[in-house]
Amino acid sequence: TDSRGATSWNRTTAGASTGFACRRSGPRGPRLLAMGPLSARLLIQRGRPKCDRLGKIRSLDLSGMNLLSEHLDPKLLSRLKQLQELDLSNNQLETLPANLGLSHLRILRCANNQLGDVTVLCQFPQLEELSLEGNPFLTVSDNLKVSFLLPKLRKVNGKDASSTCSQVENLNRELTSRVTAHWEKFMAALSPEEEAEKAQADFVRSAVRDVRYGPESLSDFTQWRVRMISEELVASGGTQVHEANISERPPKATTIQEPRAGPVASKRPGDGPVNLSPNKRVCTSPLAQVEGSPVGSAGSQVSYQGGRGRVVGARPGGSHDPPLLPQTALQLEPLHFLQCHSKNNSPRDLETQLWACAFEPAWDEGTLTSQTGQAGATSQTVATCGGEAVCVIDCQTGIVLHKYKAPSEEFFSVAWTALTVVTQAGHKKRWSVLAAAGLRGLVRLLHVRAGFCCGLIRAHKKAIATLCFSPTHETHLFTASYDKRIILWDIGVPNHDYEFQASQLLTLDTTSIALRLCPVASCPDAYLLAGCEGGCRCWDVRLDQPQKRRVCEVEFVFSEGSEATGRRVDGLAFVNEDVVASKGSSLGTICLWSWSQTWQGRGSQSTVAVVVLARLQWSPTELAYFSLSTCPGEGMVLCGDEEGNVWIYDVRPLVAQRPPPPATPQAPTQILKWPQPRALGQTVSRTMVNTVVADPTFTYLTALTDSNIVAIWRRNQP
């Protein structure tokens, strides 16, 4: 556990952590359009300086040509005797040939490919600069391998490589010592009659199995080095082990730093252009405004209290606007303000953006009450995600029960399910499994109680914006990506070794990025709703249909006229089995509409105007990506805003009234004001609430902010 009482889940599967940012410069061409074999004429055309001989080329640009690995002909490329700079970015390379013969290469750019192995880079001993961004299958261990294999390397992805080199030196020194000690112990236990050859092979296997050092996320690198060191020991008869051939680096930046994900794109008004890369908001300046002094100035640090996450002191009582609708306002008490997603556990981090949270379902005799909307069962455990961490928090105590970190990831979405697992003894057990996904396009399946990552799905090659489980099939998971596809997966049930075998059931094509997914409450096995950058759309997801790749069935519009289509919908949820709440189609309002009435009036049309029941007044901001949620058991709609407020609507009277709908947007039942907690000895006077979620009985309310604060309120019953 760390100093905040958070359990770090270090057991990650291969590829779960990466040392390279996952930035993309734009869409890649399809694999079918890959270039044919390279020719000498083409190399001369794209080489510099301009000349008529391959042997005189010093710089060669082969980027953006959709090249495959087999197109890199060693016989041709080895004629580039003087080549010092090679750009292979934005292709489809899965590996590099091992015998390219480019011994003078000093700069290599391989960004935005599909590389999965870096050991072939050892053929470039003079390499000084290397770019590997946007290779989703490379891990943080590959970052260390690169530093070990390339003694003259100075820059990786445009950044100084000295800190990584220092980390490699320390790891190598310790691993060498441990393998040598293991050799001595192994040889001492060896009986004279054992054959030397077999014993030496056994030693290598036992060393790889038993010698451990460093975090589990680096196990691929450490086991790789242990094998190399062991084989050197065996080859020399135990008399010599070569130290890593790493040249002296500048003494600066000796602190080991975990590589971070690339910057996210900027926050933009609702009518801005759609980017092809993940477009979460960027903090261009500290969004958590601190009264009296800037963030990071001198001030007292937040102390730890009773094993809780980092707690930010709140002003007592909180502030509430008077009720604006006739319903009685909820009595909500500010309970905890936690900084549990901080970079490097720093109390000064008020910039990490938190994006999604979900309460663990309450299981009542095998029935998932939180998805059916039935009141009675409740959960006080909530999962939150943002930055490189996923946290599981007890709302009552404020204790961070578990924490999972994936360096270089940025998590955008989490979703719960519960699986029935049969043990080796034949007993049935109920597992709570948390799915988390984000920038790298990977879905991690976290066994929360056991505290480890038990599955990894390489779901998409671009970032995953959102995911959700089917409310009727516990193993069915929808993922929506910036590649403009929604995929339905069957994650399966883990075997006795706690391993998942996921399979793909459906692919749904979208014309714009899906931001929110919502199985239709009355027929979740038949239709899926999605709020997208280009509007609200619906797909047929019935599995008894033969077609496994499908296009949008219907587009829903929220007003008449030519401008009614194509507007972003960034909030979507069912209030009950029929009423949908959606946000983003028009400025400053949330729309309540009837699924059944809208669907009945569809006919054969592909574009259908929704049957509006009511419109709710919300913030007039032009900023996007404030997600709404609902509490079906209590008839509530919730949404945060750019000022740190939580807008609360009791919509039961509105959905029960007879048409026509009210002409003007209805005011909220209550606006829960930002309580202005204290951090670093100063008041955090303002922030953005990206998402707000309540448990099924509305006992606890959790809000996530742009300033690395998880805010939790508790409802006081009258």
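This is a predicted model: local features need pLDDT of at least 70, side-chain atom pairs count only at pLDDT 80 or more; totals for chains, interfaces and linings use all residues.
Local features need pLDDT of at least 70 and side-chain atom pairs count only at pLDDT 80 or more, while totals for chains, interfaces and linings use all residues. Residues are numbered from 1 along each chain as its sequence is written, and side-chain values use heavy atoms, with hydrogens and water left out.

Student: What share of the residues counts as buried?
Tutor: Buried here means under 20% relative accessible area, exposed over 50%, and partly exposed in between (1.4 Å probe, protein chains only). The protein has 718 residues, and the buried share is 56%.

Student: Which residues have the most contacts inside the largest nonpolar core?
Tutor: A nonpolar core is a set of buried Ala, Val, Leu, Ile, Met, Phe, Trp, Tyr and Cys residues joined through side-chain atoms within 4.5 Å. The largest one has 47 residues, and the most contacts inside it belong to L96, L108 and L121.

Student: Which element gives the most to this core?
Tutor: Helices are DSSP runs of H or I with at least four residues, strands are runs of E with at least two, and both are numbered from the N terminus. Those giving two or more residues are α1 (40-46), α2 (74-77), α3 (140-149), α4 (162-188) and α6 (219-235). The top contributor, with 5 residues, is α3.

Student: Why does the core lie between domain 1 and domain 2?
Tutor: Domain bounds come from an automatic or database domain assignment. The core lies between the two because residues come from both domain 1 (40-157) and domain 2 (163-236).

Student: What does L121 touch, not counting residues up to four places away in sequence?
Tutor: Contact means heavy atoms within 4.5 Å. With those sequence neighbours skipped, L121 touches L96, L108, L130, L132, V146 and L150.

Student: Over in strand β22, how many residues are buried?
Tutor: In a regular strand the side chains alternate between the two faces of the sheet. For β22, H476, F478 and A480 are buried on one side, with L477, T479 and S481 buried on the other. The strand covers residues 476-481, and its buried count is 6 of 6.

Student: Which residue of β23 is the bridge partner of T479?
Tutor: Two strands pair if DSSP finds at least two bridges between them. β22 pairs in the antiparallel sense with β21 (residues 464-469) over 5 bridges, and L467 has T479 as its bridge partner. β22 also pairs antiparallel with β23 (residues 485-490), over 5 bridges. There, the partner of T479 is I487.
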